[in-house]
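Work through the exercises below with the sequence and the coordinates open. Each task is followed by a solution in steps.

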Amino acid sequence: MLLLRLLLKNALRHKLRTVLTLIGLVVAISAFGLLRTLVDAWYAGVEASASTRLVTRNAISLTFTLPLNYAERIRAVEGVSGLSWANWFGGVYITERNFFAQFAVDPSTYLALYPEYVLSDAERQAFLRDRQGAVVGRKLADKFGWRVGDQIPLRGTIYPGIWTFTLRGIYDGAGANTDEQQLLFHWKYLTESVRQRPGAASSKVDAVGIYVVGIADANNAALISQRIDTLFRNSLAETLTETEKAFQLSFVSMSEAILVAIQAVSLIIVVIIMAVMANTMTMTARERVAEYATLRVLGFGPAFVVRLLAGESLLIALAGGVIGIVLTFPLAGVVGQATGTLFPVFQVSDLTLVLQLLAALVIGVVAAAWPAWRMSRVDIVSGLRQVA
Amino acid sequence: MNPGTPAESSPLIRIRALSKAYQRGAQLIPVLQGVDLEVHAGEFVALMGPSGSGKSTLLNLIAGIDKPSGGCIEIGGVDIADLGEGELADWRAANVGFIFQFYNLLPVLTAAENIELPLLLTGLTRRERREHVHAALAMVRLSDRSDHYPNELSGGQQQRVAIARALVTDPQLIVADEPTGDLDRVTGGDVLALLGDLHRQLGKTILMVTHDPKAAACAERLVHLEKGVLLSDGVGLSS
């Protein structure tokens, strides 16, 4: 108990210094957590992907489509348990600032392949029945205050014109990382509307952006991918099939340099505060040489001095770490709001919390290492002289 | 504890051919040379000498906080020059009480907590430790100041807390390095009177470094050092 009291009192001996160090730690730990959350948000699509889903797209590029008639041939491939398709719509809701993902999908097969989009039976049926209907994720509906039955007008960019959808359902994500910020509508409505428009480009009629392939056994993903791609080799539209995870990763890899930079910055912040904290502990130790020498005179061993310094350092680091962790939540909320629908998921993960706590621990230990080692080896007689 | 007559008892401290030198670059600076000294249990010895004479070094060596360059220091039958760092720390905790010129109290601990510190190294329970601390505080007449921090105490009171801390483990030897050096004459006199009481009532062996003849007069034996050599060993005024 006396040792604990000594630790606490020592930590609060220079209140201003301790408070400034704590502020630094809080800023560093919360910034570290925030940057980690940002990186996690980037990878949210990857994390949410299922191992039993493959994505087949045009081998040239995502901007090129695939014919609808590939559907039956893919469905016939051995190992394929389900098939659906989707097109990126790229519409604008009022202004460009209101960005969110919109997909024209084949509703029944798509929802069957994505059980994580949880819709009530009534809403599901209403969506399936209404060709002009749409469903949106809960976060998106909350953001714009949409209710079932509302009309949602979108200005098409890839598909010009004003497209108005009737909101038939609002889905909830089954997991924390399920994307609740997208709008799904009928692919048939899209393709038929395009067909009916005068001067419509033939490439946009019955054209599919991606096929989503359901497989029964994730272990056969590579084999089935190969089978599908072999099927369309030397055709006008060759395919590239990959796991949903790999497909999502290909988007992330486009901005990999930014992610690496963010991760580097998050680590640099930790290293900087480590140096600041080490400086604080070194100053602290230097001021107390005579006290440590006195303790040694009284019979306390070098290990006791190490415990005192390391304990004080850990106490400050953990206090700063815990406050930083707690502050990460409101900060992530603010950043999540500010980035709007840019990230489907923006929430602090358990792993980030663990890493923040670990970072605080490492800062505490490393900052105390040098001064503790020095003080444990200090010559008692010269240490005692410092008091004068 | 009954001290007995020094002349009749075997010496508590037996020092033979003690030498100490410090290395300054390539130069070896001798501080103590061929010191022989015996101190019996219950003696109050004052070590005197001019600055740089080696009296504090001798005290540090006897107290086991410094290592000699040569010779032997036998205290209570133990040659402390042969002890390792850990053994020496344990030996100090069990056998020596320290009083410093500048008190060396931990400023963040109260008087009672400062006195309790050495007891943390014993197997005493918290309650037993508290009892010992109260007894030590009563002995130095500071029971009413147990919860005061060092900066709330006068110099003389701080030194009395330091004396209580030195006593609380009931060591056989108390070493005091200029215990009145930072105090005014009256307060210094009080502290010396307290040390004298401890010597007489508890029979503690006290080794005190001082350059103040009036402080030395409280001791029953004076040892003079000059340039690292023991010059004279005589009887003090108090005896």
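**Exercise 1. Buried residues of helix H10(A)**

Task: State which residues of helix H10 of chain A are buried, and where they sit around the helix axis.

Solution. The model is a predicted one.
- Step 1: Helix H10 of chain A covers residues 244-254, and Glu244(A), Phe247(A) and Val252(A) are buried in this helix.
- Step 2: These residues are on the same side of H10(A), because they cover an arc of only 145° around the axis.
- Step 3: In general, residues three or four places apart in an α-helix point the same way, because there are 3.6 residues a turn.
- Step 4: The cover over the buried residues of H10(A) includes helices H2 (15-42), H3 (44-48) and H11 (256-287) of chain A. Strands E1 (53-58), E11 (210-215) and E12 (239-243) of chain A are also among the covering elements.

**Exercise 2. The surroundings of Thr352(A)**

Task: Decide whether Thr352(A) is buried or exposed, and list what Thr352(A) touches.

Solution. 
- Step 1: Thr352(A) belongs to helix H14 of chain A, residues 350-376.
- Step 2: Buried means under 20% relative accessible area. Thr352(A) has 0% relative accessibility, so Thr352(A) counts as buried.
- Step 3: Leaving aside residues up to four places away in sequence, Thr352(A) touches Gly33(A), Arg36(A), Thr37(A) and Asp40(A).
- Step 4: With Asp40(A), the side chain of Thr352(A) also makes a polar contact of 3.1 Å.

**Exercise 3. The interface of chains A and B**

Task: Describe the interface of chain A and chain B by contacts, buried area and salt bridges.

Solution. 
- Step 1: Contacts involve 21 residues of chain A and 23 residues of chain B.
- Step 2: About 2200 Å² is buried between the two chains, with 69% of this area given by carbon and sulfur atoms.
- Step 3: There are 3 salt bridges across the interface. Arg5(A) and Glu113(B) form a salt bridge through their side chains, at 2.7 Å from N to O.
- Step 4: On the side of chain A that touches chain B, helices H1 (2-11), H12 (289-297) and H15 (380-385) of chain A give two or more residues. H12(A) gives the most, with 6 residues.
- Step 5: By class, this side of chain A has 13 nonpolar, 3 polar and 5 charged residues.

**Exercise 4. Positive phi**

Task: Locate Asn234(A) and Asp170(B), and give their phi values.

Solution. 
- Step 1: Most residues other than glycine have a negative phi.
- Step 2: Asn234(A) has a positive phi of about 65°. This residue lies in the loop between helix H9 (221-231) and E12 of chain A, and counts as exposed at 70% relative accessibility.
- Step 3: Asp170(B) has a positive phi of about 55°, and its loop is the one between helix H5 (155-167) and strand E7 (173-177) of chain B.

Technical notes: Residues are numbered from 1 along each chain as its sequence is written. Chains are lettered from A and ligands numbered from 1 in the order in which they are written. This is a predicted model: local features need pLDDT of at least 70, side-chain atom pairs count only at pLDDT 80 or more; totals for chains, interfaces and linings use all residues. Side-chain values use heavy atoms; hydrogens and water are left out. Helices (H or I, at least four residues) and strands (E, at least two) are DSSP runs, numbered from the N terminus. Buried means under 20% relative accessible area, exposed over 50%, partly exposed in between (1.4 Å probe, protein chains only). A polar contact is a pair of N or O atoms within 3.5 Å; within protein, one must be able to donate a hydrogen and the other to accept it, and residues adjacent in sequence count only if both atoms are side-chain atoms. Contact means heavy atoms within 4.5 Å. The arc is that of the directions from the helix axis to the C-beta atoms. Buried area is the accessible area (1.4 Å probe) that two parts lose on being put together, summed over both. A salt bridge is a side-chain nitrogen of Lys or Arg within 4 Å of a carboxyl oxygen of Asp or Glu. Ala, Val, Leu, Ile, Met, Phe, Trp, Tyr, Cys and Pro count as nonpolar, Asp, Glu, Lys and Arg as charged, and the others, Gly among them, as polar.
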